[in-house]
Amino acid sequence: MKIVFTMQGDGRDGLMDRRFGRAETFLVYNSETDERGLVANSAVDAAMGAGLKAAESIVALGAVALVTGECGVKALHALHRAGVKVYSTDSTTFADALEDLRQGNLREARPA
Amino acid sequence: MRIAVASGKGGTGKTSVAVNLAVIAGRTATLVDCDVEEPNAHIFLKGDVSSTDTVSMSVPAIEENRCTGCRACVEFCGFNALISFGGPPLFFPDLCHGCGGCRLVCPAGAIVEVARPLGEVRRIDAGRCTLVEGCLEVGVSSPVPVIKAAKAAADGDFVIYDAPPGTSCPLVATLRGADYVLLVTEPTPFGLSDLRLTVEVLRQMNMEFGVVINRSMRSESLIHDYCHHEAIEVLGEIPEDRRIAEAYAAGRLIVEALPGYRPLFRSILEACLERVTA
Amino acid sequence: MKELVVLSGKGGTGKTSLTACFASLAQPAVLADCDVDAANLHLVLVPEAERRETFHAGREAHVRSEACRGCGRCAAACRFDAMSLDGPSDSAMVDPLACEGCGVCVFVCPADAIDFSERMAGSVMTSRTRCGAMAHARLNPGADNSGKLVSWVRQQARRLSEELGCPLVLIDGPPGLACPTMAALTGCSHALVVIEPTMSGLHDLDRILALTRHFEVPTSVCVNKWDIDAEKSAIIERRIRATGGHFAGRVRYDRGVTQAQMRARTAVEEGAASAGDIRSVWGAVAERLAIDTVDG
Ligand code: SF4
Ligand code: SF4
């Protein structure tokens with residue numbers, strides 16, 4: 001299963017970006033093979049609706065879940081419709097966030 | 001005759017100048033509150049609402065049984081109001097500008113247009129003058145159609161537009177069609193900086209305009225120097241007076257709470273009229 | 001690193017003057033001027049730009065007059081009245097102030113005569129000031145502040161704070177409650193709302209508090225020019241305390257603030273009459289900021 005994490009910069013430092021739509025990089029983690037890939041987020045430059053554009057990419061990447069700091073209401077709604085689970089985390093690193101996800105410590109965000 | 005009262009930022013006393021001028025102009029005047037995101041002229045001009053009209057915009061609705069999921073509409077929409085996960089797109093009205101492009105490009109004829117309410121235009125009989133107020137619904141991000149509708153609802157011979165703050169689309173939409181613009185500013189570096197930006201927009205639009213200095217201090221020549229240099233006329237100065245701030249805080253008109261100021265507002269109004277007829 | 005955003009309902013409540021004072025009290029802080037429509041922080045802090053880039057937002061139509069046949073389809077299709085054929089030439093003309101950049105004209109033009117390029121919206125800068133590093137922007141007239149621009153300014157400020165090892169980013173937020181304000185607020189450690197004791201101030205307060213609650217940002221409120229209406233100031237203070245909010249204090253009406261502005265200095269630097277009030281508000285907010293970290 002593919003899970004996407006939102007990362008700062010080009011993602012190589014392993015630092016999470018709290019933002020979803022305007023995070024520069026998505027880290028795509030494959031939970032079966034433990035593989036990780038980095039993908040640039042093309043929505044960063046949208047004047048408006050960055051979160052929605054990013055949601056589209058998440059689904060196009062074939063992810064089943066997203067781990068990020070905060071996800072706007074519109075994007076949350078869209079991801080919910082697409083069957084992607086959204087988890088919010090306060091962790092600053094990918095490693096911590098992944099560990100929390102494995103332990104079941106992350107809160108699932110749902111549209112109101 | 002249409003006069004717009006504008007200022008670069010909020011808090012310069014623009015609304016205060018607009019309502020006081022409208023009251024001085026009298027019963028036949030109409031004030032249009034074009035600050036539809038935060039209309040507050042009604043705080044000063046109370047009265048009964050005589051009519052309310054809904055303002056709406058055409059937005060797309062997707063007929064899912066006709067949609068082939070081709071994404072043509074999604075690719076077209078530059079505002080990211082449509083997104084698709086493969087099937088029929090999802091529509092996010094907050095982001096839609098109502099351009100109608102998605103319907104034009106859809107090869108399957110799967111998009112129709114429906115009306116989305118954006119806000120209201122209310123007519124208020126305030127006794128001393130008429131108030132037309134545009135009010136944007138909370139959560140709606142397109143003020144321009146509501147501004148246009150509010151302006152269209154003002155039918156009197158003498159109309160004052162209370163413009164929204166800022167220098168972007170809402171201001172431009174308000175100023176269009178005005179015969180004269182009164183810029184309200186403060187004699188501070190902040191005030192001057194915002195005034196400059198607004199003047200740039202007005203010049204780009206080829207509008208006639210003049211300046212009113214609010215909270216004016218005799219000792220301060222900042223705005224005068226700028227206006228002199230730019231050949232902009234100063235039509236009046238409202239002095240720094242704590243009683244004015246207090247009247248404003250209490251929701252009272254200056255010309256009623258402090259009648260000594262009536263001649264000042266009358267002279268500003270007359271100066272505007274002269275410039276328009278000249 | 002913590003981010004404090006200073007907000008107000010309407011503009012003109014003294015938000016920027018207070019932010020500038022906090023900048024001189026909080027050193028070292030990195031400053032982010034996200035009030036891009038009425039960017040005024042630079043007038044007090046006088047930044048020296050070190051880096052400058054152009055900023056693009058959205059798109060804009062341009063008619064290539066030599067290719068235009070003057071058929072008028074663009075003008076008929078444009079819902080923003082931005083295209084006209086009554087100019088001096090025979091070709092269609094775009095009014096750049098009315099064009100919203102939707103691209104309908106580009107689609108309907110049978111002669112392919114309309115270019116659809118990125119719109120130059122202004123420039124974005126990082127600078128040095130006497131109170132710390134600063135990220136800010138300048139918009140072209142008629143251009144809109146946007147979530148994208150605010151996010152950019154914040155991101156630059158965060159980068160500066162990491163480079164300089166500076167623990168606090170101080171954000172001068174945009175007025176109103178729209179997209180730019182949300183972009184300035186989201187993910188902040190704390191918000192300070194500056195409100196005036198007026199009818200419209202009271203009206204704005206509830207709306208802005210609803211927004212900070214929605215974004216789950218802990219919020220303090222201070223009243224500026226409290227003595228203009230002592231009664232309303234008391235109402236605001238009571239209302240904040242009754243709802244369990246944090247009331248950070250009152251700042252008096254002080255013409256010294258404007259006088260300081262004239263000299264491109266902050267009221268605190270000039271020792272204006274309200275300087276003590278401002279210090280005590282800052283003290284209360286700084287204390288909250290520290291508490292928030294322990295909790296978070
Ligand atoms: S009407 Fe225009 S702005 Fe609205 S969804 Fe369609 S293409 Fe996008
Ligand atoms: S253009 Fe028409 S058919 Fe294609 S995805 Fe959009 S609504 Fe569906």
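Q: Among contacts in chain B between residues at least 6 apart in sequence, what percentage join residues at least 24 apart?
A: The count takes contacts in chain B whose partners are at least 6 apart in sequence, where contact means heavy atoms within 4.5 Å. Of these, the share that joins residues at least 24 apart is 72%.

Q: What kind of model is this?
A: Residues are numbered from 1 along each chain as its sequence is written, while chains are lettered from A and ligands numbered from 1 in the order in which they are written. Side-chain values use heavy atoms, leaving out hydrogens and water; local features need pLDDT of at least 70, side-chain atom pairs count only at pLDDT 80 or more, and totals for chains, interfaces and linings use all residues, since this is a predicted model.

Q: What percentage of chain B is buried?
A: Chain B has 10 helices and 11 strands, taken as DSSP runs numbered from the N terminus (helices: H or I, at least four residues; strands: E, at least two). Its C-alpha trace spans about 70 × 45 × 35 Å along the principal axes. Buried means under 20% relative accessible area, exposed over 50% and partly exposed in between, with a 1.4 Å probe and protein chains only. Of the 278 residues in chain B, the buried share is 58%.

Q: How many Å apart are the centres of the positive and negative side chains in chain C?
A: Lys and Arg count as positive and Asp and Glu as negative, with His and the chain ends not counted. Each charge is placed at NZ of Lys, CZ of Arg, CG of Asp or CD of Glu. Chain C has 32 positive and 36 negative side chains, and the distance between the centres of the two sets is 3 Å.

Q: Which residues are closest to ligand 1?
A: The shell of ligand 1 holds 13 residues, each with a heavy atom within 4 Å. By class, 10 are nonpolar, three polar and none charged (nonpolar: Ala, Val, Leu, Ile, Met, Phe, Trp, Tyr, Cys and Pro; charged: Asp, Glu, Lys and Arg; polar: the others, Gly among them). The closest are B:C77, B:C96, B:C99, B:G100 and B:C102.

Q: How many charged residues are in the shell around ligand 2?
A: Ligand 2 is surrounded by 13 residues, with B:C67, B:C70, B:R71, B:C73 and B:C106 the closest. The shell has 10 nonpolar and two polar residues, and the number of charged residues is one.

Q: Which elements of chain C pack against the buried residues of α8(B)?
A: In helix α8 (residues 242-249) of chain B, the buried residues are B:I244, B:A245, B:A247 and B:A249. They pack against β11 (234-239) and α9 (254-257) of chain B. From chain C, the partners are α7 (199-214) and α8 (230-242).

Q: Is C:V46 buried or partly exposed?
A: C:V46 lies in the loop between α2 (41-45) and β3 (48-63) of chain C. Although C:V46 is not a glycine, its phi is positive, about 45°. With a relative accessible area of 48%, C:V46 is partly exposed.
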